[in-house]
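I have a new structure open and a notebook beside it. Here is what I looked up, entry by entry.

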Amino acid sequence: MVEVTLWAGLRPLAGNQEHVTIEANTIRELLRRLQERYPGLEGPIKKDVAVAINGTIYRDDWSQSIPDGAEVFLMRRLAGG
Amino acid sequence: MTFDPSYKEQALKSVGTRVLRPDGVDKVTGRARYGADFNMPGQLVARVLRSPHAHARIIRLDTSQAEALKGVKAVVTAADLPDLTDGDTALFAILDNSMARSKAKYDGHAVAAVAAINASVARAAMKLIEVEYEVLPHVVDVDAAVAPDAPLLDDTIFTTGVDPAPTKPSNVANRSEFGHGDVDAGFAKSDVIIERTYKTEQTHQGYIEPHACVANCNADGTADLWVCTQGHFVYRQVCADLLGLDVSKLRVTSSEIGGGFGGKTHVWAEPVALALSRKAGRPVKLVMTREEVFRASGPTSATSIDVKLGATMDGTITSALATLRYTSGPYADAWAETGAMTSFACYDLENVKAIGYEVVVNRPKVAAYRAPSAPMAAFAVESAIDELADAIDMNSVELRIKNAAQEGTRSSYGPVYGPIGIGPTLDAAKAHPHMSAPLGKNQGRGMACGFWFNFGGQTCSDLNIGADGTVTIAVGTVDVGGSRASLSLIAAEELGIPYEHVKAIVADTSSLGYNDMTDGSRGTFSSSMATISAARNAIKTLRERAAMMWEIPVEDVNWEEGFAKAAGPKHGNRAPLSIKDIAAEAGNTGGPIAGHSELVADGAGVSFGTHICDVEVDPETGSTRVIRYTVIQDAGKAVHPAYVEGQYQGGAVQGIGWALNEEYVYGEDGRLQNPGFLDYRIPVCSDLPMIDTQILEIPNPNHPYGVRGVGETSIVPPLAAVANAVSDAMNVRMTHIPVSPPRILAALNAQAKE
């Protein structure tokens, strides 16, 4: 099980939860199951979300595995210069 | 073949050397082709009619006289760019910004465009376009825009991110919040509290090359766009979406780029040029003037930031709070949110909160500018840190070292850090001779730290081996900072051949798979991963071909330092085969030899830098000269150290200009008063000392050579470093960027009256 922390902007779309516990081994599984549980997250997950696993930010790579006990954050996908 | 991006320590021969840049001769001899250098037979010239009002409803727009003028081949308005955005608000903002629909939302907002046989006819046609405006109240200042009685830009904007949701519209599009702990409890534990409000003015990236493109739409639905951009694949996607074109039928070719710094990540005139070409049936060239670049491309936010810091007398920061208000132009965006995320990222804080407010104003649509939003937040926080050091009588470097984030620290934006480089940059600053050099009269010293995220992203590369064994790499990330040199070095390293045997090019959108644009300091980080992967795939083929030539199993062929070598005693003492040997036989061993790679380069790793600045202030005029400047930053691994130093120096110089002089000046009428380089003063070489650099190399665990992005972080600390130095020289705290001569004189006068 993974405990995911949602950034404040996502929480209203996820039952006002800051932390969500979910069964997931990869970023793909994590995002799919989050959407299944909270359909309102579909839009942000499609375009606005990056996933931080143990401090490393992944913007695109669904295949990235989530180790047991990893700290997982959903962050806004930012623009760069 | 699965690509393993993890770092492996190894001796490197090519990477880390200072080879000649491949684009240098063309650039200094004028042969390099920039956006405006491309031409087509039968090409028309485009000009854009822009609103003279900061905020106005378009009542009537009549182009009939212009269309009737001899030599005019097309006139377009918003009617020629219908809304195909399907509810995508970000895409609609790009469309509306490209050509105003019902309202002009800032001075310079495009309302119509003309394509004619030459520039004089186009200009004459623009004068024949009749626009009837209903001028509306406007607001350009960030603090004025959030006032309850401010003119409203958009009555559909209701602040999101607040509970309960507001019932009235406002100019505040969104509230965001980051942090942890209990800031009130933290302040209660503090011995000293520093509380200030800071402002920064809007600045432009100041790239020397204006936006330029040639668009050519054909009757069969295909189209070409030659353009100056940081991301031709992204431009292709956005333009195709806006104009209803098939993505695969729009080929975009990027030119050399005369600076971008984030400002060329966004389309402005390109959809307009395509719409004109589609209507005229001929190629259309559109080059923005400098005035248009200032008025109608994408500068950075103006900001107003409140910072409150609490600390105990031993230098422990017990609480940190920031409220950040960022302008985004007339369209909602997330610039304050980014500022809030970065504001306290350098520090290990038990109690921290950063709140961002996105504010719409009658100014151009904000675009990314090198580590977007971070420099302003760093200015506010690093100024307050400096003042806190004074208040508790502690050296400001020691204060920062005591509170610096480290591996295991929970960042102020959420996650816990892995290995990071803020501590080493501060230690290097403390030990640097600059920090202890004597200062003269009217001179002061400041320092500051900075943070940026860095990105990776989608990347695709082709590596082709020619019949003579030389190599071409085709990449899809535009070379804005030397990536062709660094990627050639990396291909040479992997293959074991000389750098001079490798030629890197930027391929067009029809020649290569999709690539994200060159932003987020990702160019060399991402494309080097794809180049390494492509080279390793090519080596696999080279080994197979060598095995075929020798008629031995491929498992018995190793690749070592540019040669195929038969392994083991059973193959005797076969002479190694070079790339040239193998390539010469390619036609008989399976055809051309190439390595291809498509991957997502993720795990770029966050970046930190520390800057030291000395200034001398003339108390008579308020003029400031930077007399010494040092940049210390972690590069992970500097692939081409001279280019890395150039990035450090360039970021520092842009930041110095932002800190000392640059600002958008608006009149009471909401019109931009200084849209040119005479009145908008960017620093030139004679304004500056040599910028000293110190490259730290703390390997990024998520790159085979340990590379980190280096392009952006260097602009984050300078605003604060310069302001801290000026404040030190004058013994007056400067809280408003730029610290231009009038502001310095006003501060000195106020000090004299106290």
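**Entry 1: salt bridges**

I began with Lys8(B), which makes a salt bridge with Asp4(B), their closest N and O atoms lying 2.9 Å apart. My rule for a salt bridge is a side-chain nitrogen of Lys or Arg within 4 Å of a carboxyl oxygen of Asp or Glu. Lys8(B) is partly exposed at 45% relative accessibility, and Asp4(B) is partly exposed at 38%. For these words I use relative accessible area: buried is under 20%, exposed is over 50%, and partly exposed is in between (1.4 Å probe, protein chains only).

A note on what I am looking at: this is a predicted model, where local features need pLDDT of at least 70 and side-chain atom pairs count only at pLDDT 80 or more, while totals for chains, interfaces and linings use all residues. Residues are numbered from 1 along each chain as its sequence is written, chains are lettered from A and ligands numbered from 1 in the order in which they are written, and side-chain values use heavy atoms, with hydrogens and water left out.

Next I counted, and found 51 salt bridges over all chains. I then looked up one between Lys47(A) and Asp88(B), with 3.4 Å from N to O. This pair joins two chains, because Lys47(A) sits in helix H2 (residues 42–47) of chain A and Asp88(B) in the loop between strand S3 (72–76) and helix H3 (89–98) of chain B. My helices (H or I, at least four residues) and strands (E, at least two) are DSSP runs, numbered from the N terminus. Lys47(A) is partly exposed, with a relative accessible area of 46%; Asp88(B) is partly exposed too, with 24%.

I also noted Lys565(B) with Glu560(B), where the closest N and O atoms are 3.5 Å apart. Lys565(B) is partly exposed at 26% relative accessibility, and Glu560(B) is partly exposed at 34%.

Which residues are linked in a network of salt bridges? I wrote down Arg21(B), Asp23(B), Lys27(B), Glu256(B), Asp479(B) and Arg484(B).

**Entry 2: cavities**

How many cavities of 30 Å³ or more does the whole structure hold? My search found five. A volume is the space filled by probe spheres set on the points, and grid points are joined across faces, edges and corners.

The largest cavity holds about 100 Å³ of space. I found 13 residues lining the largest cavity, and Arg50(B), Asn97(B), Ser98(B), Ala110(B) and Trp268(B) lie nearest its centre. Strand S1 (44–50) and H3 of chain B are the elements that give two or more residues to this lining.

The second largest cavity has a volume of about 70 Å³. It is lined by 14 residues, with Thr342(B), Ser343(B), Cys346(B), Ala378(B) and Cys449(B) closest to its centre. H11(B) gives the largest share of that lining, five residues.

**Entry 3**

I followed an open sheet of three strands in chain B, ordered S4-S2-S6 with antiparallel pairing. Two strands pair if DSSP finds at least two bridges between them. Strand S4 (103–104) and strand S6 (130–135) of chain B are the edge strands, each pairing on one side only. Strand S2 (residues 56–62) of chain B is joined to S6(B) by six bridges. Asp62(B) has Glu130(B) as its bridge partner in S6(B).

**Entry 4: aromatic rings**

Phe233(B) and Tyr514(B) form an edge-to-face pair, 5.9 Å centre to centre with 75° between the planes. I count rings of Phe, Tyr and Trp (its six-membered ring) as a pair if their centres lie within 6.5 Å; planes under 30 degrees apart are stacked, over 60 edge-to-face and the rest tilted. Phe233(B) is buried at 1% relative accessible area, whereas Tyr514(B) is partly exposed at 28%.

Tyr369(B) and Trp658(B) are stacked, because their ring centres are 5.1 Å apart and their planes are at 5°. They are 289 residues apart, and both are buried.

Key. On a 1 Å grid over the protein atoms alone, a cavity is a set of points where a 1.4 Å probe fits but cannot get out, and a pocket is an open set with protein on both sides within 12 Å along at least five of seven lines; lining residues have an atom within 4 Å of a point.
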